[in-house]
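Subject: Handing over the structure

Hello,

Here is the structure I promised to pass on. Please open it and keep it beside this email while you read.

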2 protein chains.
Amino acid sequence: MKISTRFSDSIHILAFISIYQGKIPLTSDNIANSVETSPVVVRRIMSQLKKAGLITTVHGAADPKLAKDPANISLYDVFLAIEHDQHLFTVDDKTNPQCIVGGNIQDTLRYYYKQVETSAKAKLARISLADIIDSIIVKQAQKTNKKG
Amino acid sequence: MKISTRFSDSIHILAFISIYQGKIPLTSDNIANSVETSPVVVRRIMSQLKKAGLITTVHGAADPKLAKDPANISLYDVFLAIEHDQHLFTVDDKTNPQCIVGGNIQDTLRYYYKQVETSAKAKLARISLADIIDSIIVKQAQKTNKKG
DNA sequence: CTTTATGTAACTTTATTAGTTACAATTAAG
DNA sequence: CTTAATTGTAACTAATAAAGTTACATAAAG
């Protein structure tokens, strides 16, 4: 029972674009090297991020940009872009309607699952890409400090 | 992003046992008929519910029972029994450690995902099997009332 | 123009879940 | 006791979704 790594990879890509903007060429190949996947997978994800209005890209040019300030991109925005608001829990929609339980469990679970999912989404909405980037920068600084 | 129906089916089975206790034989076959799956799938789930101490069963006899009052069984108890506390979100653990992003994104996401998951689990912990059963009973009553 | 890159379709591989078959172990009823 | 019904579980198959690959048309940029 889990959300695919696409969600994590999407956040990774957005953070990468923000951090390495102007420092190295932001080719799908360079990004894929950081995510450790193929450039096609990266482009596929970026295509969705573009559709959702989170980044801008130019066909043929290696120059993706965040379409908004990282402080104004929440993890829920990314979730919606990539997972199309899919559910965290799945209701089994093949139950016996003749049975008291089978005939009423679906609506019942939908009602309660929605509460749980709303709670999770609200948290996601409160975490920004800027939070993620800050955390990455700080962790990196701690590492280099230990070494030096 | 594929989420198994096992969690929903588990709640279904528990509600079924509670509602049909003493009314019809609680064979895995009868339960499977309500869930619209095979008796083996039902027995497999019940085996886990038993291990988690949510039900009691007797080998060879069709007599499963809830081990606790439905008011004292939360959806989180069921979640733990069936999903073994698996994560709702998956961190991609194959990222480039040489890269600032790839080398720090995993811990960063684990930290923030944990907050989101805790929020969801807290909600699950506040919903009891009794809530589910009540909801099923009320919905059924509404149906029969409309018809009559 | 030639090289490099994106965007996307179509396909293959891999992993997970659901469902099936089979059977030993157990219960319960005559 | 013996027989029929049932659980518990292993091993297998089928279905499905995600991840990765191949291929190529299209666009950008020197």
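Helices and strands here are DSSP runs, numbered from the N terminus; a helix needs at least four residues and a strand at least two. With that numbering, B:E36 is found in the loop between α2 and α3 of chain B. One caution before the rest: this is a predicted model.

**The two E36 residues**

Stay with B:E36 for a moment. Its phi is near 60°, a positive value in a residue other than glycine. Is B:E36 buried, exposed or partly exposed? It counts as partly exposed, because its relative accessibility is 31% and that class runs between 20% and 50%.

Now turn to chain A. A:E36 lies in the loop between α2 (28-35) and α3 of chain A. A:E36 is not a glycine, yet it has a positive phi of about 60°. Its relative accessibility is 32%, so A:E36 counts as partly exposed.

**Where the chains meet**

Next, the interface. On the chain B side, 57 residues are in contact with 58 residues of chain A. Together the two chains bury about 5500 Å² between them. Of that area, 63% is on carbon and sulfur atoms.

How many salt bridges are there between chain B and chain A? The count is zero. Polar contacts do turn up: the rule finds 21 residue pairs across the interface, both residues at pLDDT 80 or more.

Which helices of chain B build the side that touches chain A? α1 (6-20), α2 (28-35), α4 (75-83), α5 (100-125) and α6 (129-147) each supply at least two residues. The largest share comes from α5(B), with 17 residues. Sorted by class, this side of chain B has 27 nonpolar, 19 polar and 11 charged residues.

**Around the DNA**

Find DNA strand C next. It is surrounded by 28 residues. The closest are A:S28, A:R43, A:T57, A:H59 and B:R44.

- A:S28 has a polar side-chain atom 2.6 Å from a phosphate oxygen of DNA strand C.
- B:T37 has a polar side-chain atom 2.7 Å from a phosphate oxygen of DNA strand C.
- A:R43 has a side-chain N or O atom 2.7 Å from a base nitrogen of DNA strand C.

α3(A) gives the most, with five residues. By class, the surface near DNA strand C has 10 nonpolar, 12 polar and six charged residues.

**Inside chain A**

Start with helix α4 of chain A, residues 75-83. This helix is mostly covered, with seven of its nine residues buried. The buried ones are A:L75, A:Y76, A:V78, A:F79, A:A81, A:I82 and A:E83. Just after α4(A) comes A:H84, which takes a positive phi of about 50°.

Then move to A:Q106, in helix α5 (residues 100-125) of chain A. Is A:Q106 buried or exposed? A:Q106 counts as buried, because its relative accessibility is 16% and buried means under 20%. Its side chain reaches the backbone oxygen of A:D93 at 3.5 Å. What does A:Q106 touch, leaving aside neighbours within four places in sequence? Its contacts are A:V91, A:D92, A:D93, A:K94 and A:T95.

**One last stop in chain B**

Finish at B:T144, in helix α6 of chain B. B:T144 has a relative accessible area of 45%, so it is partly exposed. Its side chain reaches the backbone oxygen of B:A141 at 3.0 Å. How far is B:T144 from B:F7? The two are 137 residues apart in sequence and 28 Å apart in space, C-alpha to C-alpha.

Best wishes

Conventions
Residues are numbered from 1 along each chain as its sequence is written. Chains are lettered from A and ligands numbered from 1 in the order in which they are written. This is a predicted model: local features need pLDDT of at least 70, side-chain atom pairs count only at pLDDT 80 or more; totals for chains, interfaces and linings use all residues. Side-chain values use heavy atoms; hydrogens and water are left out. Contact means heavy atoms within 4.5 Å. Buried area is the accessible area (1.4 Å probe) that two parts lose on being put together, summed over both. A salt bridge is a side-chain nitrogen of Lys or Arg within 4 Å of a carboxyl oxygen of Asp or Glu. A polar contact is a pair of N or O atoms within 3.5 Å; within protein, one must be able to donate a hydrogen and the other to accept it, and residues adjacent in sequence count only if both atoms are side-chain atoms. Ala, Val, Leu, Ile, Met, Phe, Trp, Tyr, Cys and Pro count as nonpolar, Asp, Glu, Lys and Arg as charged, and the others, Gly among them, as polar. A residue is near a molecule or strand if one of its heavy atoms lies within 4 Å of it. Buried means under 20% relative accessible area, exposed over 50%, partly exposed in between (1.4 Å probe, protein chains only).
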